[in-house]
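Subject: Structure handover

Hi,

Here is the structure for you to look over. My notes follow below it.

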Amino acid sequence: MNDIKPTTSVPVPAYYIDNRDDEISLVDLFLVLYRRKWVVLGTLLLCAALAVPAALLSPVKTTYTTTLKIGGEPRLESNASAATKFRESYIPLTQDAVKDDATLAGLSMEARAPDSSDLVILETETELPQADPVKQLHNMAAQRFIAEHQAQLDQARLAIENQIERLRLTLENLNNSSYLTTLREDVAALRQQFLESDTLSDNRKLDLKDELRFLQTKLIEEEQAATARTIEIQTRINELRYQLETLPKTALVSLALETDRQRTSPLMIIALGIILGGMLGVFAAFMVEFLAKVKAEDQKRRTEAAPT
(Lines give C-alpha, C1' and ligand atoms only; values in the text may rest on other atoms or scores of the structure.)
Protein backbone atom coordinates (compact mmCIF):
# COMPACT_ATOMS: atom_id res chain seq x y z
CA MET A 1 0.00 0.00 0.00
CA ASN A 2 1.08 3.53 -0.71
CA ASP A 3 1.47 5.72 2.35
CA ILE A 4 -0.25 9.03 1.93
CA LYS A 5 1.78 11.79 3.52
CA PRO A 6 0.20 15.18 3.92
CA THR A 7 2.21 17.98 2.34
CA THR A 8 0.88 20.64 4.72
CA SER A 9 0.23 20.62 8.44
CA VAL A 10 -3.36 20.66 9.57
CA PRO A 11 -4.12 23.31 12.26
CA VAL A 12 -5.48 21.89 15.46
CA PRO A 13 -8.64 23.58 16.78
CA ALA A 14 -8.09 25.72 19.88
CA TYR A 15 -10.47 23.69 21.96
CA TYR A 16 -8.25 20.57 21.43
CA ILE A 17 -5.23 22.35 22.99
CA ASP A 18 -4.59 21.48 26.60
CA ASN A 19 -4.35 24.81 28.47
CA ARG A 20 -4.44 23.32 31.91
CA ASP A 21 -0.84 24.34 32.54
CA ASP A 22 -1.81 28.03 32.09
CA GLU A 23 -4.75 27.91 34.50
CA ILE A 24 -4.39 29.43 37.99
CA SER A 25 -5.78 27.25 40.72
CA LEU A 26 -6.88 28.72 44.03
CA VAL A 27 -5.69 25.52 45.65
CA ASP A 28 -2.20 26.11 44.25
CA LEU A 29 -2.26 29.69 45.54
CA PHE A 30 -3.21 28.54 49.02
CA LEU A 31 -0.54 25.83 48.88
CA VAL A 32 2.04 28.49 48.08
CA LEU A 33 0.89 30.59 51.04
CA TYR A 34 0.98 27.51 53.26
CA ARG A 35 4.50 26.59 52.19
CA ARG A 36 5.64 30.17 52.75
CA LYS A 37 3.60 30.77 55.89
CA TRP A 38 6.67 31.76 57.84
CA VAL A 39 7.44 34.48 55.30
CA VAL A 40 3.89 35.82 55.64
CA LEU A 41 3.93 35.59 59.42
CA GLY A 42 7.41 37.09 59.71
CA THR A 43 6.53 40.09 57.52
CA LEU A 44 3.28 40.66 59.42
CA LEU A 45 5.04 40.55 62.80
CA LEU A 46 7.77 42.88 61.56
CA CYS A 47 5.24 45.49 60.40
CA ALA A 48 3.24 45.14 63.61
CA ALA A 49 6.43 45.55 65.65
CA LEU A 50 7.27 48.73 63.75
CA ALA A 51 3.71 50.05 64.15
CA VAL A 52 3.75 49.79 67.97
CA PRO A 53 6.54 52.35 68.59
CA ALA A 54 5.17 54.51 65.79
CA ALA A 55 1.80 54.55 67.58
CA LEU A 56 3.33 55.28 70.98
CA LEU A 57 5.64 58.00 69.66
CA SER A 58 3.10 59.73 67.40
CA PRO A 59 3.11 63.48 68.21
CA VAL A 60 0.27 65.23 69.99
CA LYS A 61 -1.10 67.97 67.73
CA THR A 62 -2.50 71.22 69.10
CA THR A 63 -4.99 73.26 67.09
CA TYR A 64 -5.38 77.00 67.72
CA THR A 65 -8.25 79.04 66.31
CA THR A 66 -8.96 82.75 66.02
CA THR A 67 -12.53 83.90 65.31
CA LEU A 68 -13.42 87.17 63.57
CA LYS A 69 -16.88 88.65 63.20
CA ILE A 70 -17.60 90.61 60.03
CA GLY A 71 -19.22 93.98 60.72
CA GLY A 72 -21.36 96.38 58.73
CA GLU A 73 -25.11 96.63 58.25
CA PRO A 74 -25.61 95.01 55.86
CA ARG A 75 -22.40 92.98 56.23
CA LEU A 76 -19.48 94.43 54.34
CA GLU A 77 -18.92 91.08 52.62
CA SER A 78 -19.73 87.41 52.99
CA ASN A 79 -17.59 85.24 55.22
CA ALA A 80 -16.75 83.00 52.24
CA SER A 81 -15.36 86.03 50.38
CA ALA A 82 -13.42 87.09 53.46
CA ALA A 83 -11.93 83.58 53.88
CA THR A 84 -10.82 83.67 50.24
CA LYS A 85 -9.11 87.03 50.85
CA PHE A 86 -7.29 85.56 53.82
CA ARG A 87 -6.06 82.58 51.82
CA GLU A 88 -5.02 84.62 48.78
CA SER A 89 -3.82 87.87 50.34
CA TYR A 90 -3.67 88.41 54.10
CA ILE A 91 -2.03 85.09 55.06
CA PRO A 92 0.68 85.21 52.32
CA LEU A 93 1.43 88.85 53.18
CA THR A 94 1.68 88.03 56.89
CA GLN A 95 3.92 85.02 56.30
CA ASP A 96 6.14 87.12 54.05
CA ALA A 97 6.39 89.75 56.80
CA VAL A 98 7.61 87.18 59.38
CA LYS A 99 9.89 85.18 57.12
CA ASP A 100 12.96 86.40 59.05
CA ASP A 101 11.48 85.32 62.40
CA ALA A 102 12.45 81.68 62.98
CA THR A 103 9.57 81.03 65.38
CA LEU A 104 6.77 82.63 63.38
CA ALA A 105 8.05 81.56 59.96
CA GLY A 106 7.62 77.90 60.90
CA LEU A 107 3.91 78.27 61.62
CA SER A 108 1.20 77.65 59.05
CA MET A 109 -2.24 79.22 58.98
CA GLU A 110 -5.54 78.35 57.28
CA ALA A 111 -8.82 80.25 56.96
CA ARG A 112 -12.32 78.82 56.75
CA ALA A 113 -15.86 80.19 56.70
CA PRO A 114 -18.61 78.37 58.66
CA ASP A 115 -21.88 78.08 56.74
CA SER A 116 -24.72 80.53 57.47
CA SER A 117 -22.69 82.84 59.69
CA ASP A 118 -20.76 86.11 59.64
CA LEU A 119 -17.63 84.50 61.12
CA VAL A 120 -14.18 83.79 59.70
CA ILE A 121 -11.97 81.29 61.55
CA LEU A 122 -8.17 81.15 61.36
CA GLU A 123 -6.54 77.84 62.34
CA THR A 124 -2.98 76.78 63.07
CA GLU A 125 -1.91 73.24 63.95
CA THR A 126 1.31 72.65 65.90
CA GLU A 127 3.00 69.63 67.45
CA LEU A 128 4.13 71.63 70.49
CA PRO A 129 2.14 74.21 72.49
CA GLN A 130 2.90 77.62 70.93
CA ALA A 131 0.04 79.82 72.06
CA ASP A 132 1.90 83.14 72.12
CA PRO A 133 3.59 82.87 68.67
CA VAL A 134 0.32 81.66 67.12
CA LYS A 135 -1.57 84.50 68.79
CA GLN A 136 0.91 87.00 67.36
CA LEU A 137 0.71 85.51 63.86
CA HIS A 138 -3.10 85.37 63.84
CA ASN A 139 -3.33 88.91 65.18
CA MET A 140 -1.09 90.23 62.39
CA ALA A 141 -3.28 88.65 59.70
CA ALA A 142 -6.50 89.69 61.45
CA GLN A 143 -5.41 93.31 61.78
CA ARG A 144 -4.88 93.54 58.01
CA PHE A 145 -8.43 92.35 57.51
CA ILE A 146 -9.84 94.66 60.20
CA ALA A 147 -7.97 97.67 58.79
CA GLU A 148 -9.50 97.15 55.34
CA HIS A 149 -12.99 96.83 56.82
CA GLN A 150 -12.40 99.86 59.04
CA ALA A 151 -11.72 101.96 55.94
CA GLN A 152 -14.99 100.75 54.43
CA LEU A 153 -16.84 101.46 57.68
CA ASP A 154 -15.37 104.98 57.78
CA GLN A 155 -16.75 105.57 54.29
CA ALA A 156 -20.15 104.22 55.32
CA ARG A 157 -20.11 106.40 58.46
CA LEU A 158 -19.23 109.48 56.41
CA ALA A 159 -22.06 108.75 53.97
CA ILE A 160 -24.55 108.50 56.86
CA GLU A 161 -23.28 111.74 58.41
CA ASN A 162 -23.68 113.50 55.05
CA GLN A 163 -27.27 112.25 54.80
CA ILE A 164 -28.01 113.55 58.28
CA GLU A 165 -26.56 116.96 57.45
CA ARG A 166 -28.57 117.25 54.24
CA LEU A 167 -31.77 116.33 56.07
CA ARG A 168 -30.98 118.80 58.84
CA LEU A 169 -30.59 121.62 56.31
CA THR A 170 -33.84 120.57 54.64
CA LEU A 171 -35.58 120.63 58.01
CA GLU A 172 -34.14 124.04 58.82
CA ASN A 173 -35.28 125.46 55.49
CA LEU A 174 -38.70 123.95 56.01
CA ASN A 175 -39.07 125.55 59.44
CA ASN A 176 -37.90 128.90 58.08
CA SER A 177 -39.95 128.75 54.91
CA SER A 178 -40.39 132.24 53.42
CA TYR A 179 -43.53 131.04 51.68
CA LEU A 180 -45.23 130.17 54.97
CA THR A 181 -43.98 133.42 56.50
CA THR A 182 -45.45 135.45 53.62
CA LEU A 183 -48.70 133.49 53.77
CA ARG A 184 -49.04 134.15 57.52
CA GLU A 185 -48.38 137.85 56.98
CA ASP A 186 -51.00 137.99 54.22
CA VAL A 187 -53.57 136.30 56.46
CA ALA A 188 -52.79 138.71 59.33
CA ALA A 189 -53.03 141.75 57.08
CA LEU A 190 -56.28 140.58 55.51
CA ARG A 191 -57.76 139.85 58.96
CA GLN A 192 -56.85 143.35 60.06
CA GLN A 193 -58.54 144.80 56.99
CA PHE A 194 -61.66 142.78 57.68
CA LEU A 195 -61.78 143.99 61.27
CA GLU A 196 -61.51 147.61 60.07
CA SER A 197 -64.07 147.25 57.28
CA ASP A 198 -66.88 149.25 58.89
CA THR A 199 -66.61 151.96 56.23
CA LEU A 200 -66.57 149.44 53.37
CA SER A 201 -69.54 148.29 51.39
CA ASP A 202 -71.21 144.97 52.10
CA ASN A 203 -69.92 143.50 48.82
CA ARG A 204 -66.39 144.48 49.70
CA LYS A 205 -66.79 142.94 53.15
CA LEU A 206 -67.98 139.67 51.60
CA ASP A 207 -65.03 139.67 49.20
CA LEU A 208 -62.61 140.22 52.11
CA LYS A 209 -64.28 137.46 54.11
CA ASP A 210 -64.03 134.97 51.21
CA GLU A 211 -60.43 135.90 50.51
CA LEU A 212 -59.56 135.59 54.20
CA ARG A 213 -61.25 132.19 54.42
CA PHE A 214 -59.31 130.99 51.33
CA LEU A 215 -55.95 132.17 52.69
CA GLN A 216 -56.63 130.68 56.14
CA THR A 217 -57.51 127.32 54.55
CA LYS A 218 -54.39 127.52 52.41
CA LEU A 219 -52.26 128.37 55.44
CA ILE A 220 -53.67 125.46 57.45
CA GLU A 221 -53.00 123.00 54.58
CA GLU A 222 -49.45 124.27 54.10
CA GLU A 223 -48.71 124.14 57.83
CA GLN A 224 -50.07 120.58 58.06
CA ALA A 225 -47.98 119.52 55.07
CA ALA A 226 -44.93 121.19 56.60
CA THR A 227 -45.58 119.50 59.94
CA ALA A 228 -45.92 116.07 58.29
CA ARG A 229 -42.75 116.66 56.29
CA THR A 230 -40.95 117.80 59.45
CA ILE A 231 -41.99 114.64 61.31
CA GLU A 232 -40.88 112.48 58.37
CA ILE A 233 -37.48 114.16 58.13
CA GLN A 234 -36.92 114.09 61.89
CA THR A 235 -37.82 110.40 62.00
CA ARG A 236 -35.34 109.67 59.22
CA ILE A 237 -32.66 111.69 61.02
CA ASN A 238 -33.24 109.69 64.21
CA GLU A 239 -33.00 106.43 62.26
CA LEU A 240 -29.72 107.49 60.67
CA ARG A 241 -28.30 108.60 64.02
CA TYR A 242 -29.21 105.24 65.56
CA GLN A 243 -27.65 103.42 62.58
CA LEU A 244 -24.53 105.54 63.00
CA GLU A 245 -24.28 104.81 66.73
CA THR A 246 -24.85 101.07 66.32
CA LEU A 247 -22.83 100.53 63.14
CA PRO A 248 -21.08 97.19 63.89
CA LYS A 249 -17.36 96.90 63.36
CA THR A 250 -15.33 93.96 62.14
CA ALA A 251 -13.68 92.69 65.30
CA LEU A 252 -11.90 89.77 66.94
CA VAL A 253 -14.25 87.54 68.90
CA SER A 254 -11.46 85.34 70.25
CA LEU A 255 -7.76 85.31 69.58
CA ALA A 256 -5.62 82.15 69.35
CA LEU A 257 -7.97 80.05 71.44
CA GLU A 258 -6.65 76.51 71.96
CA THR A 259 -9.48 74.26 70.82
CA ASP A 260 -8.05 70.76 70.62
CA ARG A 261 -5.04 68.63 71.49
CA GLN A 262 -5.05 65.16 70.02
CA ARG A 263 -2.92 62.47 68.43
CA THR A 264 -3.69 59.83 65.85
CA SER A 265 -5.28 56.81 67.54
CA PRO A 266 -2.56 54.28 68.48
CA LEU A 267 -4.97 51.40 67.81
CA MET A 268 -5.57 52.74 64.30
CA ILE A 269 -1.83 52.90 63.61
CA ILE A 270 -1.30 49.34 64.88
CA ALA A 271 -4.30 48.06 62.88
CA LEU A 272 -2.94 49.70 59.73
CA GLY A 273 0.47 48.15 60.45
CA ILE A 274 -1.07 44.66 60.75
CA ILE A 275 -3.09 45.11 57.54
CA LEU A 276 -0.07 46.41 55.66
CA GLY A 277 2.08 43.59 57.07
CA GLY A 278 -0.40 40.97 55.89
CA MET A 279 -0.47 42.42 52.38
CA LEU A 280 3.30 42.67 52.20
CA GLY A 281 3.60 39.14 53.63
CA VAL A 282 1.40 37.69 50.87
CA PHE A 283 3.42 39.55 48.26
CA ALA A 284 6.69 38.39 49.79
CA ALA A 285 5.46 34.75 49.90
CA PHE A 286 4.65 34.72 46.18
CA MET A 287 7.92 36.51 45.38
CA VAL A 288 9.93 33.92 47.36
CA GLU A 289 8.04 31.10 45.65
CA PHE A 290 8.69 32.65 42.26
CA LEU A 291 12.41 33.03 42.96
CA ALA A 292 12.58 29.45 44.22
CA LYS A 293 11.02 28.16 40.99
CA VAL A 294 13.39 30.29 38.93
CA LYS A 295 16.32 28.86 40.84
CA ALA A 296 15.06 25.27 40.45
CA GLU A 297 14.52 25.76 36.71
CA ASP A 298 17.98 27.21 36.37
CA GLN A 299 19.53 24.25 38.18
CA LYS A 300 17.54 21.83 36.04
CA ARG A 301 18.83 23.41 32.85
CA ARG A 302 22.37 23.39 34.12
CA THR A 303 22.06 19.69 34.98
CA GLU A 304 20.69 18.83 31.55
CA ALA A 305 23.35 20.85 29.85
CA ALA A 306 26.19 19.26 31.81
CA PRO A 307 28.16 16.53 29.84
CA THR A 308 27.51 12.96 30.98
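Helices here are DSSP runs of H or I, at least four residues long, numbered from the N terminus. The model is predicted. Mean pLDDT for the chain is 82, and 87% of the residues score at least 70. By element, strand β2 (residues 110–112) has the highest mean, at 93. Strand β4 (residues 251–262) has the lowest, at 71.

Aromatic pairs

There are 3 aromatic pairs in the structure. Phe 86 and Tyr 90 make one of them, edge-to-face, with centres 5.1 Å apart and 70° between the planes. Both sit in helix α3 (residues 79–97), 4 residues apart, which means about one helical turn separates them. Phe 86 is buried at 0% relative accessibility. Tyr 90 is buried too, at 5%.

Phe 86 also pairs with Phe 145: the centres are 5.0 Å apart and the planes at 45°, so this pair is tilted. It links distant parts of the chain, with Phe 86 in helix α3 and Phe 145 in helix α5 (residues 131–175), 59 residues apart. Phe 145 is buried, with a relative accessible area of 0%.

Salt bridges

The whole structure has 17 salt bridges.

Arg 35 meets Glu 289 at 2.7 Å, N to O. Arg 35 is in helix α1 (residues 26–35) and Glu 289 in helix α8 (residues 266–305), so the bridge ties together parts 254 residues apart in sequence. Arg 35 is partly exposed at 46%; Glu 289 is buried at 9%. Through shared partners, Arg 35, Arg 36 and Glu 289 form one salt-bridge network.

Arg 112 bridges to Glu 123, with the closest N and O atoms 2.8 Å apart. This pair ties strand β2 to strand β3, because Arg 112 lies in the former and Glu 123 in the latter. Both count as partly exposed: Arg 112 at 38%, Glu 123 at 26%.

Glu 172 and Arg 168 meet at 3.2 Å, N to O. They are 4 residues apart in helix α5, so about one helical turn separates them. Glu 172 is partly exposed at 38%, and Arg 168 is partly exposed at 35%.

A backbone point

Which residue other than glycine has a positive phi near 55°? That is Ser 116. Most residues other than glycine have a negative phi. Ser 116 is in the loop between β2 and β3 (119–126). Ser 116 is exposed, at 83% relative accessible area.

Best wishes

Conventions:
Residues are numbered from 1 along each chain as its sequence is written. This is a predicted model: local features need pLDDT of at least 70, side-chain atom pairs count only at pLDDT 80 or more; totals for chains, interfaces and linings use all residues. Side-chain values use heavy atoms; hydrogens and water are left out. Rings of Phe, Tyr and Trp (its six-membered ring) pair if their centres lie within 6.5 Å; planes under 30 degrees apart count as stacked, over 60 as edge-to-face and the rest as tilted. Helices (H or I, at least four residues) and strands (E, at least two) are DSSP runs, numbered from the N terminus. Buried means under 20% relative accessible area, exposed over 50%, partly exposed in between (1.4 Å probe, protein chains only). pLDDT is the predictor's confidence in each residue, from 0 to 100. A salt bridge is a side-chain nitrogen of Lys or Arg within 4 Å of a carboxyl oxygen of Asp or Glu.
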